[in-house]
Amino acid sequence: MIQSEKQVYLVCSGDLRLSANQNCWAAQAGMEAMLNKAIEQEGWTVIRAHKYDEEKKHGFIDSQRMGIEVFKNIPVDALLIVAESVWQYTHHVLAGLTTHKGPIMTVANWSGQWPGLVGMLNMNGSLTKASVAYSTLWSENFADAFFKEGLTEWLNTGKLKHDQGHVKDFNLIKIPTDEHQTGADFAARFKNDKAIMGVFDEGCMGMYNAIVPDNLLHTTGIFKERLSQSTLYARMLQVKDEEAEDVLKWLLNEGMSFNWGNNGDTELTRRQTLEQCKMYIAAMRIADDFGCDTIGIQYQQGLKDLVPASDLVEGLLNNAERPPVYSENSRELYPGKALPHFNEVDECAGIDTLLTYRLWNELGMSGENTLHDIRWGEHYKGEGIDDFVWVFLISGAVPAAHFANGYKDASSDRQPPMYFKMGGGTLKGVSKPGSLVWSRVYVMNDKLHCDLGVGEAVKLSDEETERRWQLTTPQWPIMHAVLDGVSRDQLMARHQANHIHVVYTDSKEQAHKACRIKAAAMDGLGIEVHFCGNVEMS
């Protein structure tokens, strides 16, 4: 690529919440300084397309309207970098990116401090869904060879390709006939029976990639029931205090701990927990009213200004063993079963959570599953491990079945005030060691796709776990994950979402077999499937 003026424009999308943008700005400014230095060393000039706001005390694009106005002043054919060191709302910049004609590159800093990697992966998945061409890069200090070589290639050509040799398309692979038939038969029954996905308001936090168009969803046999979070709030007001107390008593009897304090602005309070118990009851009652097979609560817009966080609720819903909930006429709801919940109304995860829960149960395994943010990771050596270990972290939707001793290993901490001003606790714990299948459903070229592979949740020392928590978000449940045959950079280059789905199996051999069957089931639903990493084919 030859340009008369070697200029690169830079934008950064931020949060919608002022407190988050203010708290995270210092990290973004530090990241941009390192990035700008690396670009200038290549002989290029960085033009920041929007200024630091002295009144707001941050320099992020913090609304869709602002993003549209900013892009009006960016030459349509300019080289453009979207730089992220924080969680961001993709729709703030999506409108401008969809009409930009020049090369686009998304960049994140390799840090767990704020969810910058998570934000960039959401941006990537959204651009893929929107059929916008882009390149992507990441770095800890923007001085390593991997980053510098990639930056040079992109500046000179406007394109950057990463190694994706770990990917094998399902339609080019032959798996055992009986397993293929098992998956296909499951898919046929699933589509014939049909299922209802309860959606409490779409588009959480600008996650365009998390909205599945109805016409694509319907081909899987799943249909949306569009629900309102205002209805959830209204239903919470109808739950009796003693009903909430019964839920809390059940959890305490199971050994769960709550780190309560007295200052609701900064500490978890008993009142906040009881409000969450009411939300749990209200959500199940609404799901029952509409016959929902899976539900997703948005929370971050609307409910965040009214009630404590939904995350404890989501963890309880995802577990088969949970406090019983009764209708107003004393009928137990979903007895002995999970009501699979997809965090942040990620409808791609909603497809995955329902299919996985049912398929695993049919295969004689525990079906509790969850999504996690791909937050960060480092190579780790010790405790018999010598591998790259990911930090998978989500705000509280992990089922207690993922902890070694269930609720006894679960605690509830107050959510960070800058994101959750009304408080509320998590369902915090350390995911137990064991074999797993991971996956991600996403939209590309107006079709549903699914990447999946196998891996292992590993046990790290208490000290290392605490260190990783402190480098990320210590209030949230954590999984130390190793993905078989998928390197750090391969996952980052390929993955089309901030979220990754995980479910346990009883052995490594079973993980490979279940992965193959799940792939056949996804294929049977009309989803284009891709194996990632070392998945054995027999």
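Arg468 touches a whole set of residues from elsewhere in the chain, even when those up to four places away in sequence are left out: Trp376, Glu378, Tyr380, Val389, Trp390, Val391, Leu460, Ile478 and His480. In this predicted model, Arg468 belongs to helix H13, which covers residues 462-470. Its relative accessibility is 0%, so Arg468 counts as buried.

Now turn to Asn23, which you will find in helix H1, residues 18-41. The side chain of Asn23 reaches the backbone oxygen of Ser19 at 2.8 Å. Leaving aside neighbours within four places in sequence, Asn23 is in contact with Trp114 and Met418. Lys6 is 17 residues from Asn23 along the chain, and the C-alpha atoms of these two residues are separated by 33 Å.

Finally, follow the chain to helices H9 (residues 241-253) and H10 (residues 270-290), whose axes come within 8 Å and cross at roughly 100 degrees. Angles of 65 to 115 degrees count as roughly perpendicular, so H9 is roughly perpendicular to H10. Where the two helices meet, H9 contributes Asp241, Glu243, Ala244, Glu245, Val247 and Leu248, while H10 brings Arg270, Thr273, Leu274, Cys277, Lys278, Tyr280, Ile281 and Arg285.

Conventions: Residues numbered from 1 in each chain as written. Predicted model: local features only at pLDDT ≥ 70, side-chain atom pairs only at ≥ 80, totals over all residues. Heavy atoms only, no water. Axes fitted to C-alpha atoms, helices over the stretch in contact; angles between N-to-C directions. Helix = DSSP H or I, 4+ residues; strand = E, 2+ residues; numbered from the N terminus. Parallel < 35°, antiparallel > 145°, perpendicular 65-115°, else oblique. Contact = heavy atoms within 4.5 Å. Polar contact = N/O pair within 3.5 Å; in protein donor to acceptor, adjacent residues only side chain to side chain. Buried < 20%, exposed > 50% of the residue type's maximum accessible area, 1.4 Å probe, protein only.
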